[in-house]
Amino acid sequence: MSDTQTQIENRPPSVAALFLERVERTPDAEAYRHPVPAASGTGPDDWKSLSWAQAAQRVYAIAAGLIDLGVQPEECVALASATRVEWILADLGVMCAGAATTTVYPQTNAEESAFILSDSGSTVLIAENAAQLAKAVERRAELPDLRHVVIIDPEGADTSDEWVVTLADLEKRGASYLEKHPEAVRERVAAITADQLATLIYTSGTTGRPKGVRLPHDNWSYMAKAIAATGLLVQDDVAYLWLPLAHVFGKVLTSGQIEVGHVTAVDGRVDKIVENLPVVRPTYMAAVPRIFEKVYNGVASKARAGGAAKYKIFQWAAGVAREYAKVTQDNFRRTGTASAPFGLTAKHKVADALVYAKIREAFGGRLRACVSGSAALAPEIGYFFSGAGIHILEGYGLTESSAASFVNPGEAYRTGTVGKPLPGTEVRIADDGEVLLRGPGIMEGYHGLPDKTAEVLEADGWFHTGDIGELSADGYLRITDRKKDLIKTSGGKYIAPAEVEGQFKAVCPFVSNILVHGADRNYCTALIALDEAAILGWAAEHDLAGRSYAEVVAAPQTERMVQGYVDRLNEGLQRWQTIKKFRLLPRDLDIEHGELTPSLKLKRPVVERTYKELIEEMYEGSREA
């Protein structure tokens with residue numbers, strides 16, 4: 001048995017135990033960086049650091065404070081907050097108290113928040129601010145189990161009710177409790193068993209109520225050890241964490257960090273990413289495809305705004321990047337060396353000086369690798385960044401598999417695949433193409449829903465992912481689509497809409513979101529939402545300056561421009577895959593209208609319901625086979 005396998009199999013029962021080990025090993029090393037608004041109230045944020053020992057002091061105080069509030073092992077404590085350092089400290093505090101964290105997205109409305117709090121039986125809610133507190137207050141009568149709300153940022157909140165405790169006061173209570181019971185937290189951590197519930201994450205389902213996914217402590221302990229075993233991260237790394245921690249992808253990164261011991265800079269404000277990157281200068285970052293698409297669109301728009309010559313240089317450089325990435329990845333696969341012919345290498349060097357170096361600088365100039373997950377990244381966008389020296393390692397997993405089941409191996413990554421399984425995870429492809437997983441990362445089941453659990457989890461541990469995929473001879477997985485999203489046309493042809501949508505995102509630099517429709521129809525159509533910043537920049541150059549987004553997308557010249565990109569897309573598709581008609585949406589799709597999940601995935605049924613009339617309009621007069 002290899003050392004790696006031994007390490008994964010001989011894991012401690014919980015991440016709480018791993019945290020205590022980490023603090024003992026490197027107490028003075030930097031653990032977290034977080035922004036603090038500048039004292040003047042203007043200008044850039046100051047960034048403060050916490051060592052592992054300083055983080056532990058706060059974590060133990062939170063854990064002891066929860067114990068003092070009467071929280072018992074395995075009780076659920078809900079956490080409704082955006083990504084910030086207090087989220088991580090609170091989550092660790094909950095785990096070190098032996099309790100389980102129930103995550104709630106800050107965008108979740110009062111009704112669904114109340115359902116999650118009630119269904120999980122949460123006894124305490126840790127709320128970020130007055131807005132999150134207000135949701136609990138509004139539904140208080142429906143939440144008899146909820147004994148306390150702990151508020152992180154009390155500004156503007158009514159804290160006069162004994163029901164409400166500030167995080168600062170909870171930490172003071174915890175510190176006092178530890179003076180009297182110094183071993184209380186260590187005793188709780190020592191008592192945690194591997195099969196004890198650690199996290200209850202509610203999936204943002206596209207229909208009906210969300211399901212609570214039960215993830216025991218062992219899932220996270222396994223993930224921490226398996227991530228470390230990939231070697232993708234080392235202790236000297238600086239990771240930039242902005243992903244929603246209520247989502248399993250964000251949550252798994254915190255487990256891996258504790259085992260590896262690297263620095264994590266934490267700031268969940270998506271509008272601050274561009275500003276933060278040159279300040280944080282990360283060596284590693286995890287993101288969702290939408291972020292890379294936005295960066296790509298932004299770079300293309302900037303080049304276009306610089307005039308025809310600059311745009312021509314960008315288009316040439318983008319082509320060189322893709323060709324270089326494909327050749328070097330192919331050569332690495334065959335020979336173990338990422339080489340390219342002399343002529344292509346020379347062109348790449350020129351393009352690097354003109355274009356790629358500036359892109360790397362925008363990411364902070366030190367980025368070794370990015371991990372992309374949660375949805376498929378269009379391969380052409382992946383090849384562009386790869387050729388530009390931004391190495392995007394695609395990964396794959398679900399909430400039900402603790403997020404990280406597959407990831408591309410460092411230098412041997414292959415764009416368009418999600419890489420190889422993590423050590424200890426098994427995979428097989430069912431007869432109908434569905435990806436099945438088995439291993440220590442798989443959930444215990446859906447909370448209170450044994451029938452739903454039985455639908456996806458076999459008695460021998462194989463989990464049905466609902467995704468269709470292909471496995472290469474040497475173990476690289478390619479996900480082609482969601483099983484339920486596959487379109488069967490009225491002519492009997494199967495189409496993977498995500499594949500067509502990804503190709504369009506690589507062709508058209510103005511697209512933000514696209515939904516391909518065609519189930520039981522005799523041709524495919526598309527709903528297209530444009531990227532506001534990119535399209536308004538284009539509009540200024542095409543006699544549409546000063547018009548609103550809705551006015552620009554309604555203009556005939558915009559439709560003609562997009563039609564050109566649809567034609568280019570169609571040239572590379574099979575006849576039955578081609579987009580015969582499209583409609584431009586009057587606004588972009590968003591989380592607030594329920595059209596995207598908090599991890600920016602498309603909710604197809606919601607979008608199709610919202611824009612049913614536009615879809616029907618595209619099929620008027622067509623003869624359905």
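Author: One definition is needed at the outset: a residue is called buried under 20% relative accessible area, exposed over 50%, and partly exposed in between. The model is a predicted one.

Reader: How far apart in space are lysine 180 and isoleucine 442?

Author: In sequence, lysine 180 and isoleucine 442 are separated by 262 residues. In space, taken from C-alpha to C-alpha, their separation is 39 Å.

Reader: Helix H7 also holds aspartate 169 and lysine 172; how far apart are the closest N and O atoms of their salt bridge?

Author: An α-helix has 3.6 residues a turn, so residues three or four places apart point the same way. Aspartate 169 and lysine 172 are three residues apart in H7, about one turn of the helix. Aspartate 169 is partly exposed at 37% relative accessibility, while lysine 172 is exposed at 56%. In the salt bridge between aspartate 169 and lysine 172, the closest N and O atoms are separated by 4.0 Å.

Reader: Which residues are linked with Lys272 and Glu275 in a network of salt bridges?

Author: Side chains of opposite charge can pair when their charged atoms come close. Lysine 272 and glutamate 275 meet in a salt bridge at 3.3 Å, N to O; lysine 272 counts as buried at 18% relative accessibility, whereas glutamate 275 is partly exposed at 38%. The network that links Lys272 and Glu275 also contains Asp45, Asp267 and Arg269.

Reader: What is the distance between the closest N and O atoms in the salt bridge of aspartate 352 with arginine 360, and how many salt bridges does a search of the whole structure find?

Author: Aspartate 352 is buried, because its relative accessible area of 19% falls under the 20% cut-off. Arginine 360, at 25% relative accessibility, counts as partly exposed. The closest N and O atoms of aspartate 352 and arginine 360 are 2.8 Å apart, and the search of the whole structure gives a total of 38 salt bridges.

Reader: What span does helix H13 reach from its first C-alpha to its last?

Author: Helix H13 runs over residues 308-335 and has 28 residues. At 1.5 Å a residue its expected span is 40 Å, and the helix comes close to this, reaching 40 Å.

Reader: Which helices are included in what covers the buried residues of H13?

Author: Among the buried residues of H13 are Tyr311, Phe314, Val320, Arg322, Tyr324 and Asn331. The cover over the buried residues of this helix includes H12 (289-305), H14 (342-362), H15 (379-387), H17 (497-507) and H20 (556-571).

Reader: In the largest nonpolar core, which residues touch the most other members?

Author: This core has 179 residues, and those touching the most other members are Phe19, Tyr32, Phe385, Phe504 and Ile528. Helix H3 (residues 52-68) gives the most to this core, with 10 residues. Setting aside residues up to four places away in sequence, phenylalanine 504 touches Val511, Ile514, Ile528, Val562, Tyr565, Val566 and Leu569.

Reader: What are the phi values of serine 402 and aspartate 543?

Author: Most residues other than glycine have a negative phi, and most peptide bonds are trans. Serine 402 lies in the loop between strands E14 (392-396) and E15 (406-407) and counts as buried at 0% relative accessibility. Aspartate 543 is found in the loop between helices H18 (532-540) and H19 (549-554) and is exposed, with a relative accessible area of 72%. Although not a glycine, serine 402 has a positive phi of about 60°, and aspartate 543, not a glycine either, has a positive phi of about 60°.

How values were computed. Residues numbered from 1 in each chain as written. Predicted model: local features only at pLDDT ≥ 70, side-chain atom pairs only at ≥ 80, totals over all residues. Heavy atoms only, no water. Helix = DSSP H or I, 4+ residues; strand = E, 2+ residues; numbered from the N terminus. Expected span 1.5 Å × (residues − 1). Buried < 20%, exposed > 50% of the residue type's maximum accessible area, 1.4 Å probe, protein only. Contact = heavy atoms within 4.5 Å. Core = buried A, V, L, I, M, F, W, Y, C linked by side-chain atoms within 4.5 Å. Salt bridge = Lys/Arg side-chain N within 4 Å of Asp/Glu carboxyl O.
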